[in-house]
Amino acid sequence: MIAANQEDDFKLWFNMEYVDDSLSQINVTVPSEFMWMKMIQNGYITKTENKILELTGQTIKIEHVVKKSASPAPSTEVQKIEETKKDAEKEKKPANIETKKHPQLRDDFTFENFVPGDNSIYAYNASMAAADKPGKAFNPILIYGGVGLGKTHLMQAIGNQIFAKESDKIKIAYLSAENFTNEFTTAVRNQSTDRQSMEKFKKKYRNLDVLLLDDIQFLEGKDQTQEELFHTFNSIYDRAGQIVFTSDRPIKEIKGFTERLSSRFSRGLNVDLQPPSYENRIAIIQKKLEIQGKEIPKDVIEYIAKNCQTNVRDIEACILKSIGYAELVKKTLTVEIAQNILRDTINNPYSGTITIENIQKVVAEHYNISISDIKGKKKERKFVMPRQIAVYISCALTEYSTTEIGTEFGGRDHTTIMHARDKIENMLKTDPSLDSTINLLTREAKDYKKI
């Protein structure tokens, strides 16, 4: 059964009624603005929206209005909380002024909700500095790394903090590189019927104070869009506006980028996000639970942290799935339950795929060395060559970025991984025997069965 205090908490703070809906929005009523803010702070609104996305595949926003009909007076406890909240707000800001929210930014993507660790502290501190002094501290910033590590979270946290301080005086836009491309393409296409379409597009983006552009790897090979982004970049940068980009890999690894645009990305600060350590994963789980106002047993937290090592997004999915199941079936969450409901997520995360670990095993067995030798720092040729071959095959057979592959090879820098890959690539052009060896190892890695 769900603990009584959890059930009471749910009834108190998850208090809304359906009104109507459209293709992109569901409207509900709530007892007060304060109750709505608490529901947001507890993560209930985000969780509901995420569940709708999971079930329908559609992004649907939940919007509210305060219930106007008569309702029972709130409990003494709620009255005290509301009065305390109002007193605190009066001290912080003048009456009748509400905190504004940027329509393109998620409320929960803030610095307070981000849990920095050794894998992300540099990017976290740089992002905070940029938010404190936009256009001056670090500009531009490129945050890169694998899926689900927090790139978009940090980018939007910068936007949220700047907007909170200067919402009336500043123009901020957050969008994906794909949407930027689509808007640009539409403007080009509409020029035949609307001569101002391109000017409208340029005015919209070149006059920004803050540009937050997500997933710039999407621009690979799109020369016209890159040309427009180049001029947009210059316009914002020359007026000391803040520019933030994210990518799944370093700029040098994105082929099909013009040299002058690449130089703009490299002008400022490039920071990467690594997968979180075990201790950081524990802290992330605890923070996610705090935001949601939930609790799960310590051994379940440790089980998720030990077995869900890939990224923060997967960790969050495990938490939501565990809590959701326990509440639906009204059972206390245990490790056994977590193991059962998360088996597809945790126990077989690479089912049907080739893993870096298996590639390392195949190469180590072939050269009669250990996996620790593959990951280690020994510089003798009998260790270096197999290590570089394992890196080359990992780059060829998996979808991991060089940053993620570097993590699996003893925490090496992405430039080291790129060097190893390129060296084997060059050797293959002149060494037929090496080509045969790599073909053999590639087949074995594809056929390898994890024991």
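1. Start with Arg-106: its side chain makes a salt bridge with Asp-108, with 2.6 Å between the closest N and O atoms. (Salt bridge here: a side-chain nitrogen of Lys or Arg within 4 Å of a carboxyl oxygen of Asp or Glu.) Arg-106 has a relative accessibility of 33%, so it counts as partly exposed; the classes are buried under 20% relative accessible area, exposed over 50%, and partly exposed in between, using a 1.4 Å probe and protein chains only.

2. A word on the basis: this is a predicted model, where local features need pLDDT of at least 70 and side-chain atom pairs count only at pLDDT 80 or more, while totals for chains, interfaces and linings use all residues. Numbering runs from 1 along each chain as its sequence is written, and side-chain values use heavy atoms, leaving out hydrogens and water.

3. Across the whole structure, the search turns up 12 salt bridges. One worth a look is Glu-183 with Lys-204, closest N and O atoms 2.9 Å apart. That pair ties together distant parts of the chain, 21 residues apart: Glu-183 sits in helix α7 (residues 177–189) and Lys-204 in helix α8 (residues 197–206). Helices are DSSP runs of H or I with at least four residues, strands are E runs of at least two, and both are numbered from the N terminus. Glu-183 is partly exposed at 28% relative accessible area, and Lys-204 is partly exposed too, at 45%.

4. Then there's Arg-249, whose side chain meets that of Asp-248 in a salt bridge at 2.7 Å, N to O. Shared partners join Glu-220, Asp-248 and Arg-249 into one salt-bridge network. Arg-249 counts as buried at 17% relative accessibility, whereas Asp-248, at 26%, is partly exposed.

5. On to the sheet: it is open, with 5 parallel strands ordered β5-β6-β7-β4-β8. (Two strands pair if DSSP finds at least two bridges between them.) β5 (172–176) and β8 (269–273) are the edge strands, each with a single partner, so one side of each has no neighbour in the sheet. On average, neighbouring strands are turned by 15° against each other, direction ignored. The axes are lines fitted to C-alpha atoms, for helices over the stretch in contact (heavy atoms within 4.5 Å), with angles from 0 to 180 degrees between N-to-C directions.

6. Tyr-144 has Asp-272 in β8 as its bridge partner.

7. Finally, helix α9 (residues 223–238) lies across β6 (210–214) and β7 (242–247), and runs at about 140° to β7.
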